Amino acid sequence: MGETFISKELLYEKAELFHVKLDQEALDRFDIYGRMLVEWNEKINLTAITDPEDIVIKHFVDSLTIFHDKEMAQGSKIIDVGTGAGFPGIPMLIARPDLQITLLDSTMKKLNVISDILDEIGLSAEIIHSRAEEAGQNAGFREKFDYATARAVSNLRDLCEYCLPFVKVGGEFIAMKSAKAEEEISEAKAAIKVLGGKITDKKPFELPGGDERTIIYVKKISTTPSKYPRPSAKIAKNPIK
Ligand code: SAM
C-alpha cells in the first residue's frame with residue numbers, strides 16, 4: 001500500500017464515535033480530498049487548517065457529525081449553503097453517495113476547486129454560484145430541499161433567512177455551530193418564526209480534542225413568506241427582530 005496523506009485509521013475510528021461507518025472507498029476518497037485541499041490551498045486561500053490530523057478532525061469528522069443524531073432517508077435532497085471548500089457537503093456525499101447534494105457559494109474560485117475535487121474522487125453534486133439570498137428567490141431552488149446545512153457562514157438569525165427559503169415544508173435546516181449557540185438562538189427566535197421555522201432540537205457535544213460544537217435543528221413548519229430572503233444589504237441593515 002502506498003503512502004497516504006491522512007491517517008485513514010484515525011478518520012475511521014473518530015467517525016465511528018459519531019455513528020458513521022466509512023468503507024474503504026470512502027476512506028480513499030477522503031485521502032484524495034485532504035491532499036487536494038492542501039495543494040489548492042497553496043494557490044488560493046481555502047482553510048487555515050492544513051495539518052493532516054487537524055483536517056481529519058476539524059474538517060472531516062466535524063462535517064460528519066451532522067449524521068450522528070439524524071437518519072436522512074435515501075436520496076434526500078440537501079443544499080449546503082456557503083460550502084466554501086466543501087464543508088459539510090462533500091464529506092456528507094463521500095459518506096452517503098446516495099444523497100443528492102447541492103453545493104452553493106458566492107465565490108467562484110472555491111467552486112472551481114470543489115468541482116476539481118469531485119472529478120478526482122468520482123462523485124457528483126450540483127454546484128451553484130450565487131449568493132444564498134438570490135438563489136432563495138429563484139423558483140427552481142425555493143422550497144425544493146429536504147435539508148439545508150451550513151457551517152461557519154453567518155449568525156443563526158441571518159442564516160435562517162438564507163437557508164429556510166430553500167427547505168420544503170416538513171424539511172429541516174441544520175446549523176452547525178460552536179459553543180455560543182444559546183445566544184445565537186435567542187437572537188434568532190423572532191426570525192425563525194417569521195420565516196416558517198421552529199427549533200425542534202439542539203445537540204451540544206465535543207469534537208475529539210475538546211472543541212465545543214452545537215448542532216441546531218430548525219424544522220420548516222410553514223411556507224416562508226415570499227419577501228424573504230431579502231437582499232443582503234437589507235438583511236444587514238434591518239435584521240428580523
Ligand atoms: N462552510 C465552509 C466551512 O465550514 O469550511 C466554508 C466556511 S467560510 C468561513 C464561509 C463561506 O460562505 C465562504 O466560502 C463564503 O463565500 C460563503 N458565503 C458567505 N455568505 C454567503 C452568502 N450570502 N451566499 C453564499 N455564500 C456565502
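**Exercise 1.** Determine which polar backbone atom lies 2.8 Å from a nitrogen atom of the ligand, and how much of the ligand the protein buries.

*Solution.* Step 1: in this predicted model, a polar backbone atom of Ala 132 is 2.8 Å from a ligand nitrogen; a polar contact is a pair of N or O atoms within 3.5 Å. Step 2: the ligand, taken alone, exposes 600 Å², of which the protein buries 80% (Shrake-Rupley method, 1.4 Å probe). Step 3: a backbone N or O atom of Gly 82 also lies 2.8 Å from a nitrogen atom of the ligand. Step 4: a polar side-chain atom of Arg 131 lies 3.1 Å from a ligand nitrogen.

Residues are numbered from 1 along each chain. Local features require pLDDT of at least 70, side-chain atom pairs count only at pLDDT 80 or more, totals for chains, interfaces and linings use all residues, and side-chain values use heavy atoms, without hydrogens and water.

**Exercise 2.** Describe the shell around the ligand by class and by element.

*Solution.* Step 1: the ligand is surrounded by 17 residues (a heavy atom within 4 Å); among the closest are Phe 87, Asp 105 and Glu 133. Step 2: the shell comprises 6 nonpolar, 6 polar and 5 charged residues, with Gly counted as polar. Step 3: strand 2 (100-105) and helix 6 (132-135) each supply at least two shell residues; helices are DSSP runs of H or I with at least four residues, strands runs of E with at least two.

Definitions and conventions. A polar contact is a pair of N or O atoms within 3.5 Å; within protein, one must be able to donate a hydrogen and the other to accept it, and residues adjacent in sequence count only if both atoms are side-chain atoms.
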